[in-house]
Every structure is written in C-alpha cells, then in structure tokens.
Amino acid sequence: MHHTAIILAAGKGKRMQSEIPKQYLELEGKPIIYYSLKVFEESFIDNIILVTSKEDISFCRKEIVEKFGFRKVTEIVAGGSQRYHSVYQGILAAGDTDYIYIHDGARPFVTARILKDAKEQVEKYGACAAGMPVKDTIKIVDSRDFAVNTPERSLVWQVQTPQAFSGKLVKEAYEKLFSEAENDAVTDDAMVVETMLKIPVKLFQASYENIKITTPEDLQIASVFLDKNSMYKKC
Ligand code: CTP
Ligand code: MG
C-alpha cells in the first residue's frame, strides 16, 4: 500500500498580515512548515507532495527540502488561488496512490500519533478527518448576526488536518467539484467528499494543540507549545 501526503503551503496568509506567507515565518529558528514536514518525513508515509505558490518553488527546494534533507518530498508543485485549487494540484501530482493525506502546512503540531490514527481510520473507513469536540457553545447566525440556532455542543467538532482518503475516492470527489461551478465556500477536504460523493467521513480526535497558525496571536500560542513540549523540537 502506498501512502502519499499533500502538504499545503500555497496560501498568502492574509489574516496573519505579515510580509512573507505565514508558513515560512520562523518558530524557534525554523520555518513553520518545517515542523509538519519533519513529522511526515519520519512516519510511514511513502512520499510527500509539497504545494506552494509558483514564486516560492525554488525557495522551498533550496531553503527547506534540501536544507533540512526531506528525502520523501518527491515533488514541489504550484498551487492555486483557493485552498481547494491547491489541493487539486496536489492530487494530480500524487498520481495513482492508495491513500492521500492532506495537511495544512500552517499546522505545525501534528504528531506521529495523529498520523498513525489517520492511517488506521482511513484504512477502515476510506475517509477520515482529524478534529476535536468544541469547547465553546456554537451558534448559527443569520446575515445580521442574530442567533438562529444552537447545535447540541456534544455533536459539534472543530475540524483540523490531516484528512486522509482513499486515493481514488478523493480524486473522484475533486474531479466532480471541478466539473461543476466554482465553489469558494469549500474550506476543507472532508466537505468535498461528503457533498460530491455523499460518503460519510469519520472524524477522529487529534489534539487541541494541533492548531492552525492563522492570526498573529497564534504565533504566541505556538511558542508556548514549543517551549512546553520538547517532542515538537527536533533538530
Ligand atoms: N493554502 C494553499 N493554497 C491556497 C490557500 C491556502 O495551499 N490558495 C494552504 C495554506 O498555505 C495553509 C492551509 O492551506 O497551509 C490552510 O489555509 P489558511 O489557514 O486559510 O491559510 P491562508 O489562506 O494562507 O491564510 P488566509 O486565509 O488568512 O489568507
Ligand atoms: Mg485561507
């Protein structure tokens, strides 16, 4: 069985408001993207497709893949304007493979345990996504921010990555998505599989530390996690 990872690093990081895309900002002297690449490199994953913007391909090759010796990165490909465009480029580059693990390059605290759980779940169900039950009560609001609905908290999860799928299935789902009208409301891969193929996606508990670096305060939170937990600090 062949396991391929797609690591996404083609976003511009608008909400971070930094000059350089957030995945290349440094945490303890290493770019944010380094941390997840390292975990995938040292796992059962057979190869990694790194998706970045066209302008950053040679930077990624020299300053990340070659510098840190990530031998499993077999391709660095250009992404697109929305996350789902970038995912699709990764899927095309992955070719025929049994399983595809899609991961946000801006999510440095993925662990070997989370990847192992993703493998177990995808082998069993064909489609799975990392997540955690929410801690806050969630409200659905109308266009004027009036609460219209309060889903039962125990049934609401925040969804993370990695999200893992049978290779054939996720390719089919994305092909269907692209054969239809563009849909900029697509924010994760499970959603594409759920809506295009009507296939249920199994959620599994990852960790509350598996955050996505999105806004400036997330960098402070990330430093606390790195300081506290030597597991994340690998040379
Ligand atoms: N991503 C990507 N291609 C895009 C948009 C996002 O590969 N066109 C990647 C990002 O690099 C990130 C992950 O998808 O690793 C999650 O996206 P998000 O946190 O939204 O990152 P950005 O789109 O860069 O940030 P923002 O939405 O604030 O602009
Ligand atoms: Mg985005």
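I began with the largest pocket: 34 residues line it, and Gly11, Lys12, Arg15, Lys22 and Arg83 lie nearest its centre. I note that this is a predicted model.

Next I looked up which elements build that lining. S1, H3 and strand S10 (157-166) each give two or more residues to it. S10 has the largest share, with four residues. I then sorted the lining by class: seven residues are nonpolar, 15 polar and twelve charged. For the volume of this pocket I have about 920 Å³.

I turned to the shell around ligand 1. It holds 19 residues, and Gly13, Lys14, Lys22, Ser86 and Lys212 come nearest. Strand S1 (3-9) and helix H3 (83-94) each supply at least two residues of this shell. By class I get four nonpolar, eight polar and seven charged residues.

I went through backbone contacts to ligand 1. A backbone N or O atom of Gly11 lies 3.0 Å from a ligand oxygen. A polar backbone atom of Gly105 is 3.2 Å from an oxygen atom of ligand 1. For Gln82, a polar backbone atom is 3.3 Å from a nitrogen atom of the ligand. I also checked burial: ligand 1 taken alone exposes 560 Å², and the protein buries 89% of that.

Last, I opened the second largest pocket. Its space is about 170 Å³. I list Arg107, Gln158, Val159, Gln160, Ser207, Tyr208, Asn210, Ile211 and Lys212 as its lining. Three of these residues are nonpolar, four polar and two charged. Lys212 lines this second pocket and is also one of the residues that come nearest to ligand 1.

Key: Residues numbered from 1 in each chain as written. Chains lettered and ligands numbered in written order. Predicted model: local features only at pLDDT ≥ 70, side-chain atom pairs only at ≥ 80, totals over all residues. Heavy atoms only, no water. Near = heavy atom within 4 Å. Polar contact = N/O pair within 3.5 Å; in protein donor to acceptor, adjacent residues only side chain to side chain. Areas by Shrake-Rupley, 256 points an atom, 1.4 Å probe, with all protein chains shown as cover. Nonpolar A, V, L, I, M, F, W, Y, C, P; charged D, E, K, R; others polar. 1 Å grid on protein atoms, 1.4 Å probe; cavity = no way out; pocket = protein on both sides within 12 Å on 5 of 7 lines; lining within 4 Å. Points joined across faces, edges and corners; volume = space filled by probe spheres on them.
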